Amino acid sequence: MIRSGIDALRSAQLDVFSTDVTYRRGGMETSVKAVVGRTVFRSTNDYGVWVRTETRDFIVRADQLGLEPRQGDVIDFDGCEYEVLAPYGEPVWRWSDPYRTARRIHTKLTGGEA
């Protein structure tokens, strides 16, 4: 019952809040629907100072992408280029829900205007 509710909510989220983005790896390029979000990472540096880093996230259905995101991949969105990566040794993506219906992909703006 919970799983069907999550599936329905995910579908509604993508219908209402998603936008078209282009996912690139090497010569491969695919268009997917993504919900744009953000994640804030906090860590201390070598001097004990707290550092805050915010990433632009793209939430995509797991079955839509067809591959596991990896560092160095690129997402084109709204005239800007975002490289898939995460700070402080964190993984570049994580599951967005307990039933693994969508991936939250962490990125950094690397090209275009913000």
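**Entry 1: ground rules**

Helices (H or I, at least four residues) and strands (E, at least two) are DSSP runs, numbered from the N terminus. Two strands pair if DSSP finds at least two bridges between them.

I am looking at a predicted model, where local features need pLDDT of at least 70, side-chain atom pairs count only at pLDDT 80 or more, and totals for chains, interfaces and linings use all residues. Residues are numbered from 1 along each chain as its sequence is written, and side-chain values use heavy atoms, with hydrogens and water left out.

**Entry 2: strand 4 and its partners**

I started with strand 4 (residues 74–77), which pairs with strand 1 (residues 19–25) in the antiparallel sense over three bridges. Here I found Val 74 of strand 4 opposite Arg 24.

Strand 4 also pairs with strand 5 (residues 80–84), again antiparallel, over four bridges. Which residue in strand 5 is the bridge partner of Ile 75? I looked, and Tyr 82 is the one.

I count a residue as buried under 20% relative accessible area, exposed over 50%, and partly exposed in between (1.4 Å probe, protein chains only).

The core has 16 residues, and those touching the most other members are Val 21, Tyr 23, Phe 58, Leu 65, Ile 75 and Ile 105. Strand 1, strand 2 (28–44), strand 3 (50–61), strand 4 and strand 5 each give two or more residues to this core. Strand 5 gives the most, with three.

I then picked out Leu 65. Contact means heavy atoms within 4.5 Å. Beyond its neighbours within four places in sequence, Leu 65 is in contact with Tyr 23, Thr 30, Val 32, Val 60 and Ile 105.

**Entry 3: Thr 107**

Leaving out residues up to four places away in sequence, its contacts include Phe 58, Ile 75 and Tyr 82. A polar atom of the Thr 107 side chain also lies 2.6 Å from the backbone oxygen of Arg 56.

**Entry 4: Glu 68**

Last, I found Glu 68 in the loop between helix 2 (62–65) and strand 4. Glu 68 touches Arg 25, Trp 93 and Arg 103, not counting residues up to four places away in sequence. Glu 68 and Arg 103 are 35 residues apart in sequence, and their C-alpha atoms are 9.1 Å apart in space.

Notes
A nonpolar core is a set of buried Ala, Val, Leu, Ile, Met, Phe, Trp, Tyr and Cys residues joined through side-chain atoms within 4.5 Å. A polar contact is a pair of N or O atoms within 3.5 Å; within protein, one must be able to donate a hydrogen and the other to accept it, and residues adjacent in sequence count only if both atoms are side-chain atoms.
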